[in-house]
Structures are given as structure tokens and as C-alpha cells.
Amino acid sequence: MSQIFEYLFGQYAEYTTLAVSLEITAVIFGIASVFFAWLNKVWVYPTGIISTAIFVYLLLKWSLLGDMMINIYYFIMSIYGWYIWTRKVDETHVTPISRTNAMEKMIQVLIFIGTLIFVYVIYITFDKWNNWTAYIDTLTTAIFFVGMWLMARRKIENWIFWIVGDIISVPLYFYKGFTFSSLQYVIFTIMAIFGYLAWKKTLDKKLVTV
């Protein structure tokens, strides 16, 4: 048992107590954020802002530029999403769950391609394109950028991007030595599946009543 524990968490022996405490705190708020997204509650954003702010600080210290950029983007999009989710489309209703239209599909493709190019340029500029993980970082960054934009727009397709990105991130973060974050993505994957099903049920119910 001790060998398993050492394998999973041995890397934390080199981290400060503050860094470990902050990572755990960010993970807790991150899970809370996905839980509120699952329930379609606006609290997804204040909890997400706390989580991403902590991760930006930690990832900057750990020189993980791709992951840090993801969280900076999350922080900005959380503010945008908070506004969209609370904006009233009429006197009594806020922005509802919906599917993407043709224009939004085009925008998400542009966001994906633009992110790939942007992250590649950043990695080359800071001489970080020196490990196979840089390729995966670039891919997951693009996936998550699209997912966050779709969530801010309250589009059900956001969950598909989260599920794919979360599955990729589980082994990636474990390889990088962030076991707590890796476990977080396992939980995220499960919650994203249930989130998609819950949003689909709400959307289907709305379509039936129209």
C-alpha cells in the first residue's frame, strides 16, 4: 500500500505545503464548478473563477505555460459566461440552454484552429516545444478553449468538448506529476457525462413543450 501511495503522491515531497494546499483547494472549487454546471446553476462561474485563479498562480510557478493559458482563458470566459447566463432575454427569462447554429459551429472551428496556432507560437517563443507533452497540451488547450466558449454561450455541445479534453488530461496530468489534478479530471469526466445527459433532458423537455 505504501508503494502505491509513494507512486501516486511521491512527487509532492518536493512541493511546499502551501503549493499542495492550494492545488487541493483549486481542485475542490473546480469540482464544485462542474457540479454547478451540471445543475445548470450560475454558481459555476464564481467557483470556477476561484479555481482558475489559484491554478494560474500555481502553473506559472511550475512553468506550465499551456495549462496556465487555459486557466487565464477560463478566468476571462467565466466573467463573460457569468454575464451571459444572468442576462435576461425577456422580462422573466435568462439565456436558455440551446444547440449551436451554423455560425457558432464556424466560430468554434476558428477558435480551435486559432488556439492551436497561438499555443504553438507561445511554446516556440519560450522554447517549451521540447517534449511530446507540448503536442498534447496544444490539443487539449484548443479543445478546452472551444468548450469554455460554448459553456459561456450555454450550448449543450460544450459537454462533448469537456468529456474529450478531460479524458486526455487524466493520464497527461498524472505523467506531469500532478496526481490530485489527474484525479480531478477523472471526476470531471464522469460529471461531464452526467452534465450532458442532464442538459439534454432539459433541452428535450423544452422542445416537447414548444
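Author: A word to start with: a residue counts as buried if its relative accessible area is under 20%, as exposed if over 50%, and as partly exposed in between (1.4 Å probe, protein chains only). This is a predicted model, in which local features need pLDDT of at least 70 and side-chain atom pairs count only at pLDDT 80 or more, while totals for chains, interfaces and linings use all residues. Residues are numbered from 1 along each chain as its sequence is written, and side-chain values use heavy atoms, leaving out hydrogens and water.

Reader: What percentage of the residues in the protein is buried?

Author: Good place to begin! The protein has 210 residues. Of these, the buried share is 46%.

Reader: Why does the length of α3 agree with what a helix should span?

Author: The expected span is 1.5 Å times one less than the number of residues. Helix α3 covers residues 44-61, which is 18 residues, so it should span 26 Å. Its end C-alpha atoms agree with that, because they lie apart by 26 Å.

Reader: Are α2 and α3 roughly parallel or roughly antiparallel?

Author: Axes are lines fitted to C-alpha atoms, for helices over the stretch in contact, and angles run from 0 to 180 degrees between N-to-C directions. Helix α2 (residues 17-38) and α3 have axes that come within 8 Å and cross at roughly 150 degrees. Under 35 degrees counts as roughly parallel, over 145 as roughly antiparallel, 65 to 115 as roughly perpendicular and the rest as oblique. The two helices are therefore roughly antiparallel.

Reader: Which residues of α3 does α2 meet?

Author: Here a contact means heavy atoms within 4.5 Å. The α2 side includes A19, L22, F29 and F36. Several residues in α3 are buried, among them G48, I54 and L58.

Reader: Is I28 buried or exposed?

Author: I28 sits in helix α2, and its C-alpha is 10.0 Å from that of G48. Its relative accessible area is 53%, which means I28 is exposed.

Reader: At what angle do α6 and α7 pack?

Author: Helix α6 spans residues 132-152 and helix α7 residues 158-176. The pair is roughly antiparallel, with axes 9 Å apart. Their packing angle is about 150 degrees.

Technical notes. Helix = DSSP H or I, 4+ residues; strand = E, 2+ residues; numbered from the N terminus.
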